[in-house]
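Subject: Structure handover

Dear colleague,

I am passing on the structure that we spoke about, and I would be grateful if you could read the notes below with the model open beside them.

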Amino acid sequence: MSLYDLLGIPETGSLLEIKQAYKQLARKYHPDVSPPELVEEHTQRFIQVQEAYETLSDPRRRALYDHHVASGLHLAFAARRNGRFDEEMEDRGEWKDRWQSQLSELKRRSVQKENADGMSWGARMRRERNGV
């Protein structure tokens with residue numbers, strides 16, 4: 001079952017349709033309004049509906065979900081259980097490049113400052129802390 005099927009909307013559904021479907025299903029499956037004998041089942045369904053809404057209401061996550069479904073992968077409810085969403089994996093290269101760029105800039109600044117007053121960053125911090 002896809003996230004769209006779970007919410008009962010077409011894959012071309014708008015953000016408004018997603019929100020309306022979510023609100024309707026959240027009211028239906030919320031654990032506080034469930035009959036006592038169905039609380040566990042409704043709680044699981046409520047979590048699934050919430051995860052579907054979180055994924056489909058975010059344009060970036062929705063595009064990634066649609067891409068994976070079109071590729072034959074089904075991510076359904078793995079996002080919250082794993083503690084992170086697969087978009088992090090897709091962005092890993094971009095983040096690594098950004099991090100390396102920032103690290104290089106920090107090293108460059110450190111060397112530049114070190115050469116300017118003959119002191120390392122740590123030495124400058126100790127001097128400032130000691131009020132010298």
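**The core and what surrounds it**

Helices (H or I, at least four residues) and strands (E, at least two) are DSSP runs, numbered from the N terminus.

Please keep in mind that this is a predicted model, in which local features need pLDDT of at least 70 and side-chain atom pairs count only at pLDDT 80 or more, while totals for chains, interfaces and linings use all residues. Residues are numbered from 1 along each chain as its sequence is written, and side-chain values use heavy atoms, with hydrogens and water left out.

As for the protein as a whole, its secondary structure comes to eight helices and zero strands, and buried residues make up 28% of its 132 residues. Among its contacts (heavy atoms within 4.5 Å) with a separation of 6 or more, 48% are accounted for by residues 24 or more positions apart.

Returning to L56, if residues up to four places away in sequence are not counted, L56 touches L3, Y4, L7, I18, R62 and Y65.

R62 has its place in helix 4 (residues 59–70), and, leaving aside neighbours within four places in sequence, R62 is in contact with Y4, E11, T12, G13, I18, T55 and L56. R62 is buried yet has no salt bridge, and the nearest side chain of opposite charge, D66, is 4.1 Å away. A salt bridge is a side-chain nitrogen of Lys or Arg within 4 Å of a carboxyl oxygen of Asp or Glu, and for charge Lys and Arg count as positive and Asp and Glu as negative, while His and the chain ends are not counted. The side chain of R62 does, however, reach the backbone oxygen of E11 at 3.0 Å.

The structure also holds two aromatic pairs, where rings of Phe, Tyr and Trp (its six-membered ring) pair if their centres lie within 6.5 Å, and planes under 30 degrees apart count as stacked, over 60 as edge-to-face and the rest as tilted. The rings of Y4 and Y65 have centres 6.2 Å apart and planes at 55 degrees, so this pair is tilted. Because Y4 lies in helix 1 and Y65 in helix 4, the pair ties together parts that are 61 residues apart in sequence. Y4 is buried, with a relative accessible area of 2%, and Y65 counts as buried at 1% relative accessibility. Y22 and Y53 form a stacked aromatic pair, with 4.3 Å from centre to centre and 20 degrees between the planes.

Technical notes:
Buried means under 20% relative accessible area, exposed over 50%, partly exposed in between (1.4 Å probe, protein chains only). A polar contact is a pair of N or O atoms within 3.5 Å; within protein, one must be able to donate a hydrogen and the other to accept it, and residues adjacent in sequence count only if both atoms are side-chain atoms.
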